Amino acid sequence: MTLTSILYTLGSAPMFAARPFLAAFVTALLARFGTHLPWLGDKEVMQVLSHAPSWFTGNLALGIFGALAVAEVASAKSAELRDLMHEFDALMKSVVALVVSLAILDPETTKVVKTIDKLGVFAWSFSALAASTVFGMTILRNKVVEVLKELDEDDDIGLQTLLNWIENIWTVMGILFLVLLPIAAVVLSALTALGLYVARKRAERKEEESKVPCATCGTRILPHATLCHSCRTPLAAPRKVGVFGQPKAEAAPDLALHRFELVARKRCPDCATRLQKRQVRQPCTTCGRVTFRDEAEFDAYLAALNRRLPRTLAICTLLSAVPLLGVIPGVIYYRLTMITGVRGYIPPLRGCTTKWIVRIVNWGVIALQPVPLLGATIVPLMAWSNYTIYKRSLAGRATTEFATAQMKELGA
Ligand SMILES: [Zn+2]
Ligand SMILES: [Zn+2]
C-alpha cells in the first residue's frame with residue numbers, strides 16, 4: 001500500500017460513481033498495458049498500477065470488465081433499464097470500487113481471496129472508506145441527474161444523450177488525468193463532491209425553512225399546500241406553485257386553479273407533497289389523499305390542461321419564429337407547461353411505446369425546419385402532437401385504473 005495507490009483509489013471515486021465498469025476496465029487496461037504508453041508510461045501512478053495482481057489484469061478479467069463496460073454504456077441510454085438499476089445502483093458501484101481498490105492497494109498477492117486474507121486492518125478499512133466514498137458520490141450524482149432528467153425526460157432535445165456521453169468521456173479522461181496529476185485530481189474530486197453536497201443540503205434546508213405552522217394545530221406544512229395534512233384546516237392564503245413544484249413568494253389567486261396547478265406539477269392537491277409514482281391513482285405519502293379520486297376529477301383535470309393549450313401554442317409559435325435558437329427554449333417551455341402534467345402519470349412501460357411514437361413524430365416535424373415560413377410552425381406542431389399523443393395514452397391508462405378500482409369496490 002503506497003500513497004500513490006491511496007490517491008488513485010480516492011481520486012477515482014467520482015468516475016466509479018458515474019460508470020463503475022468502464023472505470024474498472026480502464027484501470028485494468030492501464031495496469032496491464034499502461035507502462036508502454038508514451039508520456040503516461042513513466043508516471044508513478046502507472047508504475048503502481050502495473051504491479052496489480054494477475055486476477056485483475058489477466059485476459060479473463062479484461063474480457064469481463066470490457067463486456068460489462070460495453071453493457072453499461074449501452075444500458076445508460078435506456079430509461080427503463082436506468083429505472084430498474086436505480087434501486088441497487090449505489091451498492092453495486094461501491095462493490096466494483098471495493099474490488100478494484102483491493103487489487104491496487106495490495107499488488108503482491110495473486111488471488112482475490114489471498115488479497116482479502118493478507119490485507120491488514122488499515123488497508124481493509126481504507127478499501128471500505130473508498131467504497132463508501134463511491135456510495136455517497138453515487139447518491140449525490142443521482143440527485144443531480146434526476147433534476148436534469150425532469151427537464152428532458154424523453155430526450156426530445158437530446159439533453160440525456162449529451163449527459164450520457166459527457167459521463168462516458170469524463171470517466172475515461174478523469175482516470176487519465178488522475179495518472180498525470182494525482183493530487184490535483186483528488187483535490188478536484190473532493191471539491192466537486194463538497195459542492196454537490198452543499199447545494200443539495202441548501203435545497204433541502206430551503207424547503208424545510210419555507211414551511212409554515214398550521215393556524216390550528218401548529219404542524220409545519222408546505223406554504224403551497226391547500227390543507228394542513230394533520231388537522232385538515234384549510235390554509236388562509238396558499239402560495240403559488242413554481243415550474244419545478246416549489247412554492248413561490250406570491251399567493252395563489254384562485255384556489256381551484258391552484259389545486260390543478262399542484263397536480264400538474266406532480267404535487268398532492270391537499271398537502272403539496274411530491275407524488276413519487278407514475279400512475280394515475282396514487283395515495284399521497286404524507287396525507288394519504290388519492291389523486292383523481294373519481295373519473296369526474298380526472299376529466300376536470302384534463303379540461304383544465306386543455307384550456308392551457310392555446311396560450312402555450314401561441315408562445316411556442318413566437319419562440320419558433322426565431323431561427324434555430326428558439327427551438328430549445330420552445331421545447332422546454334411546452335414540456336414544462338403541458339407534458340409534465342400528463343407524462344408524469346403514465347407508467348414507464350406504456351410511456352416507452354408512447355415515447356417512440358412521439359419521437360418519430362418529432363423527427364418528421366423537425367425535418368420540415370429548413371422550409372421557409374414553416375419554421376415558425378415547428379415547435380407548436382411538436383407541442384400539439386406530443387400533448388395529443390400523451391393525453392390519449394394517459395386517458396387509456398386512467399380508464400383501466402378506474403375500472404380496476406371499481407372492480408375492487410364491488411368485490412369488497
Ligand atoms: Zn393543522
Ligand atoms: Zn398529501
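A residue is called buried here if 20 or more other C-beta atoms lie within 10 Å of its own, with C-beta atoms placed from the backbone. In this predicted model, buried residues make up 37% of the 412 residues in the chain. The chain holds 17 helices and four strands, and among its contacts with a separation of 6 or more, 63% are between residues 24 or more positions apart.

**Helix 14**

Helix 14 runs over residues 295-320, and its 26 residues reach 36 Å from the first C-alpha to the last, close to the 38 Å expected at 1.5 Å a residue. A kink of about 30 degrees lies within this helix at Leu 309, shortly before the proline Pro 310.

**Packing against helix 15**

The axes of helix 14 and helix 15 are 9 Å apart and pack at an angle of about 170 degrees; the two helices are therefore roughly antiparallel to each other, since angles over 145 degrees count as such. On the helix 14 side, the residues that meet helix 15 are Leu 305, Arg 308, Leu 309, Thr 312, Ile 315, Cys 316, Leu 319 and Ser 320, while the helix 15 side includes Val 327, Pro 329, Tyr 333, Tyr 334 and Met 338. By class, this contact has 11 nonpolar, five polar and one charged residues. Leu 309, where the kink lies, is thus also one of the residues in contact with helix 15.

Key. Residues are numbered from 1 along each chain as its sequence is written. Chains are lettered from A and ligands numbered from 1 in the order in which they are written. This is a predicted model: local features need pLDDT of at least 70, side-chain atom pairs count only at pLDDT 80 or more; totals for chains, interfaces and linings use all residues. The expected span of a helix is 1.5 Å times one less than its number of residues. The bend at a residue is the angle between axes fitted to the seven residues ending there and the seven starting there. A residue is buried if 20 or more other C-beta atoms lie within 10 Å of its own, exposed if 12 or fewer, and partly exposed in between; C-beta atoms are placed from the backbone. Two residues are in contact if their C-beta atoms, placed from the backbone, lie within 7 Å. Axes are lines fitted to C-alpha atoms, for helices over the stretch in contact, and angles run from 0 to 180 degrees between N-to-C directions. Angles under 35 degrees count as roughly parallel, over 145 as roughly antiparallel, 65 to 115 as roughly perpendicular and the rest as oblique. Ala, Val, Leu, Ile, Met, Phe, Trp, Tyr, Cys and Pro count as nonpolar, Asp, Glu, Lys and Arg as charged, and the others, Gly among them, as polar.
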